[in-house]
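Reader: I am new to reading protein structures. Could you please take me through this one?

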Amino acid sequence: MLAAAAVSTHPDDPLAGLVVGEQPERPAPDGWTTVLVRAAALNHHDLFSLRGVGLTAERLPMILGCDAAGVTEDGRDVVVHAVIGDPAAADGDETLDPKRTLLSELHPGTLAERVTVPTRNLVPKPASLSWEEAACLPTAWLTAYRMVINRAGLPADGGGTLLVQGAGGGLATAAILIAKAAGHTVFATSRAESKRKRALHLGADAALESGARLPRRVDAVIETVGAATWHHSVASLRPGGRIVCSGATSGDNPPAELTRIFFLQLSVVGSTMGTRDELIDLVAFLDRTGVRPVIDDVRPLADARASFERLVRGDVHGKLVLTV
Ligand SMILES: NC(=O)c1ccc[n+]([C@@H]2O[C@H](COP(=O)([O-])OP(=O)(O)OC[C@H]3O[C@@H](n4cnc5c(N)ncnc54)[C@H](OP(=O)(O)O)[C@@H]3O)[C@@H](O)[C@H]2O)c1
């Protein structure tokens, strides 16, 4: 079948190991279901894999991709949950299973005509979401949803105040849209004037330059930038506030600022992906609120290389989607 796969890994030249072509298909084990992919979306995870992060040589060639929506062989429209883990191993939360993997790390991923996943990883797709929109949800959007709704400690009925760092990012964009639809006040930062304008357009209540003083201190921060914004995140919290961190694009080792953390009784909470139940909640949230992922570009799977080239260049404003 046609697929986009890593056949070798190259830390400094990720696209050198990318092949878009025929790959063998593995039969579905017991308890797994094959999905005919209708749309799949790219993530930085795919570039990390091509650089050899989390993907060892003995697992190559590996079909890339975490995100997809499609149709099961018996005709059900589904979104594919990318976390392969056992909830029973970790108090009902498969993201905490020590043996957890994501699609394309151990099992072939979603950038293909077909993907095979544990049957519990299939989430019904409502007709209100297009294939392209549904395909954007399982990684960046699910991660943002868990961070904002379940990890930030904001009031469930709205009224909290949130800072989203690096507003131009895919995850940050999702966090702004989700937090506004959930009734919170959102401040966003970005280095670029154009991205600050886009954040306001998405509904942010204020968009400031990275590091600038906020209108007031916030209850929580959505942190994916890391070293470049960490000091500002710590300084922007009210006493008892919380940083929720799921990425460190600019570096993962900033000064910890422990004095401020204990004196103001701040919390630092890690977050990665989300559970199958959280993906069900996210799908229902979009269905109910009308919020939709921002999609930059849609092209056929056969043109996947062009989408990867854009991801490497970084000039992307929303998700890059491939259709089958
Ligand atoms: N843990 C998980 O489950 C999970 C899931 C998805 C993503 N992630 C991680 O989350 C991070 C963001 O992912 P993404 O897809 O949203 O990436 P992205 O679209 O490339 O966004 C990254 C953003 O970081 C900001 N940034 C980068 N370097 C910066 C610097 N030196 N100073 C200030 N800001 C800087 C930029 O914001 P501005 O240009 O607007 O300033 C940029 O838009 C990545 O590290 C990714 O691996 C983790």
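Author: The conversation below goes through domains, cores, rings, cysteines and some backbone details.

Author: This is a predicted model, in which local features need pLDDT of at least 70 and side-chain atom pairs count only at pLDDT 80 or more, while totals for chains, interfaces and linings use all residues. Residues are numbered from 1 along each chain as its sequence is written, and side-chain values use heavy atoms, with hydrogens and water left out.

Reader: Which domains does the chain have?
Author: The domain assignment gives domain 1 (2-136 + 293-323) and domain 2 (141-270). Such bounds come from an automatic or database domain assignment.

Reader: How many Å separate their centres, and how many residues of each are in contact?
Author: Taken over C-alpha atoms, the centres of domain 1 and domain 2 are separated by 27 Å. Seven residues of domain 1 are in contact with seven residues of domain 2, where contact means heavy atoms within 4.5 Å.

Reader: How many residues are in the largest nonpolar core?
Author: The largest nonpolar core has 47 residues. A nonpolar core is a set of buried Ala, Val, Leu, Ile, Met, Phe, Trp, Tyr and Cys residues joined through side-chain atoms within 4.5 Å. Buried means under 20% relative accessible area, exposed means over 50%, and partly exposed is in between, using a 1.4 Å probe and protein chains only. Those with the most contacts inside this core are W141, I176, I178, I222 and L282.

Reader: Where does the largest share of this core come from?
Author: Helix 4 (residues 170-181) gives the largest share of this core, eight residues. Helices (H or I, at least four residues) and strands (E, at least two) are DSSP runs, numbered from the N terminus. The core also draws at least three residues from each of domain 1 and domain 2.

Reader: What does I222 touch?
Author: Not counting residues up to four places away in sequence, I222 touches M147, V148, L162, L163, V164, Q165, L171, A175 and V244.

Reader: On to rings, then. How many aromatic pairs does a search find?
Author: A search of the whole structure finds one aromatic pair. Rings of Phe, Tyr and Trp (its six-membered ring) pair if their centres lie within 6.5 Å; planes under 30 degrees apart count as stacked, over 60 as edge-to-face and the rest as tilted. The ring centres of Y145 and F285 are 5.6 Å apart and their planes are at 65°, so this pair is edge-to-face.

Reader: Where do Y145 and F285 lie, and are they buried or exposed?
Author: Y145 lies in helix 3 (residues 137-151) and F285 in helix 8 (residues 276-289), so the pair ties together parts that are 140 residues apart in sequence. Both Y145 and F285 are buried.

Reader: What sits over the ring of W131?
Author: The charged end of K125 sits over that ring, 4.6 Å from its centre. The rule asks for NZ of Lys or CZ of Arg within 6 Å of the ring centre and within 35 degrees of the ring normal.

Reader: How many disulfides are there?
Author: The count comes to zero disulfides, a disulfide being a pair of cysteine sulfur atoms within 2.5 Å.

Reader: A change of topic: which peptide bond is cis?
Author: The peptide bond from L60 to P61 is cis, with omega near -5°. P61 is in the loop between helix 1 (44-50) and strand 4 (62-63).

Reader: What is said of phi at S104 and M273?
Author: S104 has a positive phi of about 85° although it is not a glycine, and M273 has a positive phi of about 50°, also without being a glycine. S104 lies in the loop between strand 8 (101-102) and strand 9 (114-118), while M273 is in the loop between strand 16 (267-270) and helix 8.
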